[in-house]
Amino acid sequence: MNYKKSYNGGTGYTPICKIGECSLKKLEFGIIELEAGGSITFDTLDKETAFIMLEGHCDVCVDDTKWENIGNRSNVFENRKAESFYMPRDQKLEIKALDHIKIAVCATPVTEKTEPQLLREDHVVLKLLGKVPYERETSFIIDGNTNAKVLTIGEAYVTEGNWAGFPPHKHDVNNMPHECIAEEIYYFLFDPKQGFAVQCLYTADGEIDEAYKVKNDELVEFPKGYHTTVATPGYQSYFLWLMAGDYQGFNRSNDPEHDWVANK
């Protein structure tokens, strides 16, 4: 199975990973793209849904509430604290573009309905993880500190030429609090746009053993298995990461063959 997918642009909402049509059972992903003045009505159906502002600014109308001028960057490299908004299941909303907008739409089925939430940049937590040569700055946008019940979402900016998420790690076994079962997606962007990274995905038994060259607007699904990323020199490398599973959080285990590197 090919776990890599591409976004080729579009107007309106473009689904990219859809439950029942991809390797994932708990996680969906797509992109909303509109020009200034354009609008779209969106229904979350049975899924809690987070909208991460990648580019531009928009107004959002939900029920009797209007949120104005959401967004704080023209591209993901301009500001590392993304603005976003969260919607519960069974929620209809309207999004109107104030300029060109690009929004990552991240969703997972839930049974509990919560409340809509606007998340400005001061909500975002930034952390520097790892060390050279496996260093990245990671943001936490959607987690247990929001109204979301299952989704965990953030952004990663990989130090030039470094690995990210090394030692390779996984979250596909229920061994809490050390590891939970959670699917994940990485969606990549680069500056300049012709940049690329290599995304590895493998299982200990060899059932999955992939190394993808990922370019701008490409993503990789992680239904299970160890994963780690390496960024090319000379480029700014970014990926949006989104998780959904049995537990909300960041519970994972490293590949025991390489875990010694973390203690080096």
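I count a residue as buried under 20% relative accessible area, as exposed over 50%, and as partly exposed in between (1.4 Å probe, protein chains only). I take strands (E, at least two residues) as DSSP runs, numbered from the N terminus.

This is a predicted model, in which local features need pLDDT of at least 70, side-chain atom pairs count only at pLDDT 80 or more, and totals for chains, interfaces and linings use all residues. Residues are numbered from 1 along each chain as its sequence is written, and side-chain values use heavy atoms, with hydrogens and water left out.

I began with strand β6, residues 58-62, and found it mostly covered, with four of its five residues buried.

Next I looked up its partners, calling two strands paired if DSSP finds at least two bridges between them. With strand β7 (residues 65-70), β6 pairs in the antiparallel sense over four bridges. I noted W67 in β7 as the bridge partner of V60. The hairpin of β6 and β7 has two residues between the strands, and D63 there takes a positive phi near 55°.

Strand β9 (residues 92-97) also pairs with β6 in the antiparallel sense, over five bridges. Here I found C61 opposite E94, and V62 has L93 as its bridge partner in β9.

I then traced the sheet: four strands, open, antiparallel in pairing, in the order β4-β9-β6-β7. β4 (39-43) and β7 stand at the edges with a single partner strand each, so one side of each has no neighbour in the sheet. The twist averages 20° from one strand to the next, where axes are lines fitted to C-alpha atoms and angles run from 0 to 180 degrees between N-to-C directions.
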